[in-house]
Structures are given as C-alpha cells and as structure tokens.
Amino acid sequence: MLLDVVNLSKRFKHVQAVKEVNMHIQQGEIIGLLGPNGAGKSTTISMISTLLKPTGGDVYFNGKSIIKDPKSIRRKLGVVPQEIALYLDLTAEENLQFFGKINGIKGKKLKSRIEEVLEWIGLAERRKDVVKKFSGGMKRRLNIGVALLHEPEIIIMDEPTVGIDPQSRNYILETVRRLNQQKGMTVLYTSHYMEEVEYLCDRIYIMDQGEVIASGTNEELKDILSSEQTITIQVERLHKSFIDALIADSALKKVDNRDKTVTVIAPKKYPFFKKITGYAEQTETSLVSVEVKAPTLEDVFLHLTGRALRD
Amino acid sequence: MIGQFIKKDLLMLIRNRNELLILLLMPLVLISILGFALGGFISGGNSTFHAKVAIVDYGNEQRDMEIFKEQLQSLPLASEAKNEIAEGLENFRPIRILIDEMFGSEELKQIIQLEQVSPEQVDRIKKEDEYSAIIEIPEKFTYHVFTSAFLGEKNEKAKLLLYKNEGRQISSQIVEEVLEQFQRQLSNVTVIGKSGIDPEAVVETVSGSIETVLKRKPINSIAYYTVGMNVFFIMFVASTISSFAYREKRLQVFNRILLTNVSRWFYFFGIVFSTIFIALLQQIILYGISTIVFQVRWENVLAFLVINMTLSFAIGGFSALLTSMNFRLDSENASNVFNSIIVTLFALLGGSFLPISSFSPMLNLIGNLTPNGAGMTALLKLLQGYEWGDIYIYVVYLLVIGFVLLAVAVMLFPKRRAEI
Ligand SMILES: Nc1ncnc2c1ncn2[C@@H]1O[C@H](COP(=O)(O)OP(=O)(O)O)[C@@H](O)[C@H]1O
Ligand SMILES: [Mg+2]
C-alpha cells in the first residue's frame with residue numbers, strides 16, 4: 001500500500017469532524033472521497049497532507065508514519081487546496097517560479113519543470129498573464145500545476161473543480177486521468193460531485209458526518225442497492241397528500257422530492273406501477289412519468305443516509 | 001530563499017496601483033502641499049527643542065525710578081544734564097527690555113517661553129523639572145542699574161540672579177548667555193546722553209550663540225514635511241505586508257508554503273525581512289526624490305541610513321505583530337485598525353502634521369515615544385547638524401521597540417500545536 005489511513009480522527013473544540021476513518025490507497029489508483037459539504041473531507045485531507053495533527057489514529061506513507069516524519073513525506077505529496085492558493089497579482093510563471101524555488105528546485109531543472117507543468121495544465125500560452133485576469137477554470141488549473149512542480153508520487157486534490165463551468169471541469173478531469181495513465185500518478189480526489197467521482201475513480205470512499213459510510217468500486221457501491229430499485233416519478237403539480245401517501249407506504253424505504261420530481265426507493269419485487277398510479281388517483285395527482293432508474297451514487301448516498309448528497 | 005519572499009511582495013506591490021499610490025505618491029503630494037502652503041521656516045528648535053524659563057521680580061521698577069529721580073534732583077548737576085538724564089530714563093526700562101524685547105524677540109520666543117511668576121511660586125518651581133531656569137530680579141535692581149548707568153557708580157547689585165536646572169543644560173546655558181549679554185550691555189551704558197541699550201544687538205549676539213549651542217540649522221517647512229510624511233507613510237508598509245500575509249493564510253497559500261518544508265518561523269521572519277527591505281526601499285526612493293525635487297539634502301549619509309534602517313526595523317516589528325494578530329484572530333482586522341486609526345494617531349503625535357511637540361514637554365515626550373516620532377526627531381536633528389551623540393539615543397530606542405514588538409509577535413504567532 002502507498003497510503004494507509006488508520007482510525008484517523010479529528011476533534012475540534014465542539015465538533016468531531018472526522019471519526020475513525022480508514023482508507024487504503026495503492027500505487028497508481030485514483031481514489032475518490034465523496035461526501036456533502038461539512039462531511040469532513042477537507043479535514044481528512046489536511047491530516048493526510050501533514051497540515052493538521054490528528055487527535056486519533058495515524059497515516060502511513062509506504063509504511064512510515066506521517067506524524068513521526070512529516071518532512072520527508074511532504075516531498076512526495078502534491079496537495080491541491082480547496083482554495084485558489086496562488087498569488088493573484090503574480091503571473092502564472094511567477095507563481096510557478098516562487099513555489100518551485102521555495103521547494104528547492106533551481107536553475108535549468110526549474111525551467112524545464114515549469115515548461116512541463118505549463119504544458120500539462122494547458123497554460124503555456126498564458127504564462128505571462130497575471131492570475132487575477134484568469135477565468136475560474138484557468139485558476140483551478142494553475143492551482144493544480146503548482147502541486148505538480150516537484151513531481152510528487154501522489155496528488156491529493158480537495159474539490160478541484162468547485163465553481164467552474166462544465167468545459168473547464170472536463171478539462172481538469174481529463175488532466176487528472178492523463179496524469180494517472182501517462183505518469184502513473186496516484187490520485188486522491190475529493191469532491192461532492194458524484195458524477196466526477198463516478199467517472200474518474202477506481203475506488204470510492206463515501207463520507208458523511210465525519211465517517212466513512214461506504215467504500216468500494218463504483219459497481220460494488222451500487223450493489224448495495226441490488227435488492228432495491230430507485231423509482232423517479234414526475235408529476236404535473238406536487239400535492240402534499242401524494243407525498244404523504246408515499247411515506248405512509250411502509251414498503252417504500254426513502255422518499256425524496258424536489259420540484260415536480262419525486263424519488264423513492266422500493267424493494268425489487270414491489271409492484272410499483274400499480275401502487276403509484278393508485279396513490280396518484282387517490283390524491284388527484286396527474287402523473288407525467290414513472291420510471292425505474294439505474295442507480296447512481298446519489299441513490300447510494302440517499303439509501304445510506306436518508307439525505308440527498310447535494311444540499 | 002528570503003529573497004523569494006521579498007521578491008513576491010515587491011511584485012505584488014508593483015502590480016497594485018492603490019498600494020503604490022499610498023506608499024509613494026501620497027507622501028510626495030502631501031510634502032508639496034504642506035511644505036509650500038505653510039511655507040517659510042519651521043524653526044527646527046520647535047520640534048526638537050523647547051525650554052520654559054520663569055522670571056520673578058522682587059523689585060518695583062516704578063518705585064526704583066521715582067527714587068532715582070528724587071536722588072537725581074538732589075545731585076549737584078547742571079539742570080541741563082539732569083533734564084537729559086530724565087529724558088533718557090523715559091526710554092530706559094531694563095526689565096521691560098529684557099522681557100519684551102529680548103525674550104520677546106522672534107528668535108528667542110521660538111525656543112524659550114518666558115513665564116512671569118510671583119515670588120510665592122518660586123519655591124515650588126525650583127522643585128519641579130519643568131523649567132530650564134529661573135531668573136530672579138533682586139530688589140532695587142532697576143535703581144542700581146540707573147545709578148551705575150547714569151552716575152557711573154559701578155554697582156555689583158545691578159545684577160540678575162540665575163538658577164539653572166542642571167537637567168536641562170542646553171536651555172539654561174542659552175538663558176545664561178542671554179543674561180550675560182544683557183548684563184554686559186547694561187554695564188556699557190555709562191556715558192550720559194547715550195542712554196539706552198540695543199536689544200536687537202543683544203538678541204543677535206545671543207542667537208549666534210544659540211546656534212552654536214544647539215548646532216542648529218533652521219529647518220524649512222519642506223524639509224520638515226519631507227521627514228514628517230516619510231515617517232508617516234513608512235507605517236503603511238507594515239499594514240500592507242501584514243495584510244498580504246493574512247491573505248496568504250486565508251487562501252491556503254500559507255499551507256502550501258509549509259508543505260514545501262519551509263518552517264513557519266522562516267515564513268514569519270520572511271515577513272519581517274520583507275517589511276524592513278520594502279520600508280527602507282520606500283524611504284530611499286522618497287528621500288531620493290525629495291533631494292532632487294525639494295533640495296532636502298543629507299550630509300551625513302551614514303547616520304541617515306542607520307536611522308532609516310532602525311526605523312524600518314521597528315516597522316518590521318509592527319508588521320510581525322499585526323501578522324500574528326491577524327493569524328490569531330483569523331481576520332485582517334488588526335491591519336485595518338492599524339492603517340485606519342493607529343497610523344494617523346501616531347503621525348499626529350509624532351509631529352508629522354504639526355510640530356505639536358513644541359506645545360508642551362508632555363506632548364514632546366509622547367511624540368518621541370512613537371516610532372515615527374522618534375525617527376522624525378532623529379532625522380530632523382541630523383538635518384540640523386547635531387552630532388551622533390545627540391541622536392543615537394533615538395536609534396537605540398527604535399531598536400528596542402523593534403525587538404519588543406518582535407518578541408510579542410513571536411509569542412502571539414500561532415504555534416504548531418494543531419499542526420504536525
Ligand atoms: N478549524 C476548525 N475548527 C472547528 N471546526 C472545524 C474546523 N475545520 C472544520 N471544522 C468543522 O468540521 C466539519 C468538517 O469540515 P470539512 O472537513 O471542511 O468538511 P468538507 O471538506 O467535507 O466540506 C465541519 O462541521 C466544520 O465546520
Ligand atoms: Mg472541504
């Protein structure tokens with residue numbers, strides 16, 4: 001194992017932000033850490049990146065405790081913070097030079113590293129522009145670039161796509177994938193977007209309220225829902241009585257509604273069509289559609305916590 | 001590697017027009033406005049030197065004069081001569097001349113404030129430190145002056161008494177010289193018919209010696225405000241750099257720096273060095289421009305640099321303290337309060353706007369306790385031609401301020417308790 005997270009815990013004054021988290025990451029894997037805001041992802045990542053001292057447990061990098069020897073491990077980590085941790089008044093190149101130099105990279109080596117990184121993040125043409133003038137996506141790319149300068153073995157990314165347009169997001173996802181495939185880089189990818197994690201990651205840890213509530217490959221996670229099906233109902237107008245009727249049905253496990261869409265989790269054998277049309281008639285609700293969806297991680301999260309992943 | 005930290009702070013400043021305006025343009029504009037508007041000379045003495053002198057009169061000039069007149073009538077002199085003397089008497093009031101024309105002259109008034117006190121107050125005043133000297137006019141002083149001047153009777157009693165405050169050597173020395181000159185002139189007024197003394201001549205001779213005592217050159221208002229504004233605006237370097245540092249923390253740049261194995265203390269002292277360097281650079285640019293544009297010249301360049309380096313060091317201390325407070329409070333408030341309130345207050349007390357230290361010894365003391373005030377006093381003294389011996393104390397004080405601020409900042413800077 002490249003990285004072993006063992007019973008990692010963090011207690012702030014009033015919050016138990018992380019509870020006994022266990023994670024194992026192998027060389028070359030892309031690992032996803034999925035969870036809603038406040039789940040404890042950033043706190044976990046800060047501990048793994050040696051920035052925050054755990055109140056319990058430890059993290060082992062190649063078998064060595066990061067608490068005992070944070071200095072040598074930092075060289076091997078590339079950390080992409082959740083914030084745009086850059087000097088906005090400096091150009092892309094000046095940022096890379098600054099962080100490269102304080103990383104101890106010098107002269108020709110630094111020059112070639114900066115060239116390579118700029119190519120990787122697609123900012124070679126914009127190297128002389130101050131970061132302030134960059135789009136959100138470009139800033140995020142440079143934020144990743146800085147973490148790549150010292151050729152880390154593992155790159156740890158904390159929500160690297162927050163607040164940017166879909167195109168920029170795709171660019172970043174592709175970059176992460178290329179880094180993994182072409183450079184063999186191990187990736188720990190944190191997000192509250194399940195599509196990203198689903199698309200990118202070999203294995204996923206789902207976190208909620210400080211705990212890992214499920215882990216495994218995409219398929220393994222969805223198998224949690226194997227005995228169940230997720231039904232999406234669209235209505236013309238949503239009556240509370242219709243929702244009440246669904247909730248009253250003890251066979252239905254979870255009911256979640258948003259606008260004119262209602263999602264329920266039902267056992268595989270549940271005669272859903274007959275039942276739901278029945279409830280609709282009783283409550284004078286006109287149905288637009290009723291469909292059984294392939295389960296998503298969203299559904300897995302809903303199943304496990306009773307809450308939607310996104311707030 | 002410290003160079004990298006200084007370089008990025010410099011780059012950020014250069015790219016920030018607002019910061020540049022505040023750090024470089026504003027002081028130059030204010031120097032021109034204040035310097036030319038208030039024009040002429042602000043006596044250097046005002047801001048750097050000020051003495052209070054008490055005068056107490058045990059006699060009665062009017063009565064002395066009457067007694068002398070009576071005596072004159074009974075003298076065996078030609079009535080023509082008597083008339084001439086009587087006429088001379090009308091214009092010859094030694095005490096008035098001393099108080100109004102000598103101590104009242106522009107030159108002396110600016111450095112010595114003469115206060116008439118009653119005999120009852122003398123004992124109390126002697127115990128206090130506030131006065132540099134006490135001049136006592138003995139009983140029948142005027143009478144004795146008259147007899148010696150008009151009748152040629154050399155009289156030891158025609159002498160003023162002076163109590164000097166040993167703690168205030170320079171000012172009491174000036175007073176002593178004034179009295180000596182005054183006394184010498186009085187004793188020269190002997191020839192009947194050439195009565196009267198020339199107060200202007202006294203003041204002139206004395207002001208020559210004031211200059212030698214103070215080794216003072218006059219300071220014009222341009223020079224005064226060049227120093228005043230520069231020590232004012234140097235303080236903004238502390239708030240600017242500490243704000244930069246806080247933004248580094250908020251945007252996790254600080255974390256990113258720690259991840260390169262740069263220690264938090266290296267980072268901390270990077271801020272201090274960066275502030276010192278940028279403050280010094282700012283001062284050199286500002287003084288450079290004022291030398292060319294306003295002709296404010298520094299003869300003792302070495303002392304000039306030493307004062308500015310220590311002032312910059314004290315500013316580095318402020319920068320460190322503000323950074324620690326910002327990090328601790330997790331906000332930019334400390335820097336903001338400093339640059340919106342404290343800097344202006346310090347500038348006011350330190351005398352950047354007006355030589356307020358001349359208003360009272362208390363204000364003078366408070367002013368010199370502010371780092372900018374201490375720096376300003378030192379630089380003005382240097383400009384006036386004082387020697388190092390009169391200046392180094394401010395340099396020492398600035399170093400002390402810097403070290404104390406640094407020590408407090410180190411104690412306040414969040415330790416790695418929560419971090420690995
Ligand atoms: N420095 C801190 N002090 C106190 N509470 C904190 C601190 N950092 C995070 N928390 C709390 O810990 C919990 C987890 O936060 P975080 O790790 O940032 O979640 P996520 O990254 O998944 O959104 C939240 O309730 C948050 O308020
Ligand atoms: Mg987070």
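**A walk through chains A and B**

Lys8(B) and Asp9(B) join their side chains in a salt bridge, with N and O 3.0 Å apart. Both Lys8(B) and Asp9(B) are buried. The model is a predicted one. Side chains of opposite charge can pair when their charged atoms come close. Over all chains, the structure holds 22 salt bridges.

Stay with chain B and move to helix H6. This helix spans residues 94-102, and Asp100(B) lies in it. Arg96(B) forms a salt bridge with Asp100(B), and their closest N and O atoms are 3.8 Å apart. Arg96(B) and Asp100(B) are separated by about one helical turn, because they sit four residues apart in helix H6 of chain B. Arg96(B) counts as partly exposed because its relative accessibility is 33%. Asp100(B), at 44% relative accessibility, also counts as partly exposed.

A network of salt bridges that share partners belongs to chain A. It joins Lys109(A), Arg113(A), Glu116(A), Glu151(A) and Lys183(A). One of its links is the salt bridge between Glu116(A) and Arg113(A), at 2.7 Å from N to O. Glu116(A) and Arg113(A) both lie in helix H4 of chain A, which covers residues 107-120. They are three residues apart there, about one turn of the helix. Are these two side chains buried or exposed? Arg113(A) is buried, with a relative accessible area of 5%. Glu116(A) is partly exposed, at 26% relative accessibility.

Back in chain B, Asp100(B) has one further detail. Asp100(B) and Leu114(B) are 14 residues apart along the chain. Their C-alpha atoms are separated by 9.7 Å.

Now look at where the two chains meet. In chain B, 26 residues are in contact with 36 residues of chain A. Together the chains bury about 2800 Å² between them. Carbon and sulfur atoms account for 60% of that area. How many salt bridges are there between chain B and chain A? The count is one. Glu94(A) and Arg15(B) form a salt bridge through their side chains, at 2.8 Å from N to O.

Next come the spans that a record marks in chain B. An unreviewed UniProt entry annotates "transmembrane region" at residues 20-42, 222-246, 266-289, 301-325, 337-356 and 391-413. Two of these can be followed in the model. Residues 301-325 of chain B are 100% helix and 0% strand, and the end C-alpha atoms are 36 Å apart. Residues 391-413 of chain B are 96% helix and 0% strand. The end C-alpha atoms of that span lie 33 Å apart.

Helix H20 of chain B runs over residues 388-412 and contains Ile393(B). Ile393(B) counts as partly exposed because its relative accessibility is 47%. Ile393(B) also belongs to a nonpolar surface patch of about 720 Å².

Finally, consider the backbone. Most residues other than glycine have a negative phi. Thr50(A) is not a glycine, yet has a positive phi of about 70°. Thr50(A) sits in the loop between helix H1 (41-48) and strand S4 (56-61) of chain A. At 1% relative accessibility, Thr50(A) is buried. Gln295(B), also a residue other than glycine, has a positive phi near 60°. Gln295(B) is placed in the loop between helix H15 (264-294) and helix H16 (301-329) of chain B. Gln295(B) is partly exposed, with a relative accessible area of 48%.

Definitions and conventions
Residues are numbered from 1 along each chain as its sequence is written. Chains are lettered from A and ligands numbered from 1 in the order in which they are written. This is a predicted model: local features need pLDDT of at least 70, side-chain atom pairs count only at pLDDT 80 or more; totals for chains, interfaces and linings use all residues. Side-chain values use heavy atoms; hydrogens and water are left out. Patches are made of residues with over 30% relative accessible area and no salt bridge: like charges are joined within 9 Å, nonpolar side chains (Val, Leu, Ile, Met, Phe, Trp, Tyr) within 5 Å. Accessible areas come from the Shrake-Rupley method with a 1.4 Å probe; for residues, only the protein chains shown count as cover. A salt bridge is a side-chain nitrogen of Lys or Arg within 4 Å of a carboxyl oxygen of Asp or Glu. Helices (H or I, at least four residues) and strands (E, at least two) are DSSP runs, numbered from the N terminus. Buried means under 20% relative accessible area, exposed over 50%, partly exposed in between (1.4 Å probe, protein chains only). UniProt positions are given in the numbering used here, feature names are shortened, and annotations may be inferred rather than shown by experiment. Contact means heavy atoms within 4.5 Å. Buried area is the accessible area (1.4 Å probe) that two parts lose on being put together, summed over both.
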